[in-house]
Every structure is written in structure tokens, then in C-alpha cells.
Amino acid sequence: MKKAIITGGSSGLGYEIVKKLVDKGVKVVNLSRSPCDLAEINIKTDLCKNEDVINAIEVIKKDHADVDLLILNSGLGHWHNVGDIPAE
């Protein structure tokens with residue numbers, strides 16, 4: 001069985017990718033702040049927190065080193081009112 005690791009697989013585009021992978025019989029390891037109900041394994045990971053990233057790397061190295069596919073889907077948003085954004 002193929003194994004994929006995805007960041008941000010609990011919602012949006014990441015969730016849709018997880019659905020497609022699971023439909024194709026891929027074992028999915030999800031790294032995100034919220035669990036994904038379709039992923040076989042969820043590792044709670046806030047990619048803005050170094051300790052979460054280090055923990056996720058250790059878990060992957062120990063238990064999931066045989067990964068076939070890595071999908072870096074997570075994003076970072078900065079929210080501002082349009083009028084507050086400088087023109088440059």
C-alpha cells in the first residue's frame with residue numbers, strides 16, 4: 001500500500017486531495033492543527049510552532065519513513081483590511 005503525508009489535509013483543497021488519495025487506496029498521514037476524518041493517521045501539527053514541527057518529524061522518521069508521496073498543502077494567511085495595505 002502506498003503512503004502519503006499531507007500538510008493541511010483537514011479542510012479545503014487538502015481535504016479534497018485526501019479524499020482522492022483514500023479513494024485510490026493510499027494510506028494518508030495528515031499533519032494539521034485539526035484532524036481529518038478520512039486520514040488513517042493524524043499528527044496534530046501547527047506549522048507555526050517549532051516544537052510541533054520537530055515532533056512531527058520525529059514521528060514520521062520513527063513510524064512513517066516509508067512515505068511514497070509528500071504534499072505540502074498548508075498555507076499561511078495574513079488578514080488586513082484592503083485600505084490598510086500599503087501600495088508598495
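Visitor: What share of the contacts in the chain between residues at least 6 apart in sequence joins residues at least 24 apart?

Guide: With a contact taken as heavy atoms within 4.5 Å, 45% of the contacts between residues at least 6 apart in sequence join residues at least 24 apart. This is a predicted model, in which local features need pLDDT of at least 70 and side-chain atom pairs count only at pLDDT 80 or more, while totals for chains, interfaces and linings use all residues. Residues are numbered from 1 along each chain as its sequence is written, and side-chain values use heavy atoms, with hydrogens and water left out.

Visitor: What makes up the secondary structure of the chain, and which pattern does the chain follow along the sequence?

Guide: Helices (DSSP runs of H or I, at least four residues) and strands (runs of E, at least two) are numbered from the N terminus, and by that definition the chain has two helices and four strands. Read along the sequence, they follow the pattern β-α-β-β-α-β.

Visitor: Why is the chain called more spread out than a compact globule?

Guide: The radius of gyration is taken over C-alpha atoms, and the globule rule is 2.2 Å times the number of residues to the power 0.38. For 88 residues the rule gives 12 Å, whereas the chain has a radius of gyration of 15 Å, well over that value, and so the chain is more spread out than a compact globule. Along its principal axes, the C-alpha trace spans about 50 × 30 × 20 Å.

Visitor: Why is cysteine 36 called buried, and why is cysteine 48 called exposed?

Guide: Buried means under 20% relative accessible area, exposed over 50%, and partly exposed in between, with a 1.4 Å probe and protein chains only. Cysteine 36 has a relative accessible area of 2% and is therefore buried, whereas cysteine 48, at 60% relative accessibility, counts as exposed. Of the 88 residues of the chain, 31% count as buried.

Visitor: What makes glycine 75 exposed or buried?

Guide: Glycine 75 has 72% relative accessibility and therefore counts as exposed. Glycine 75 lies in the segment after strand 4 (69-72).
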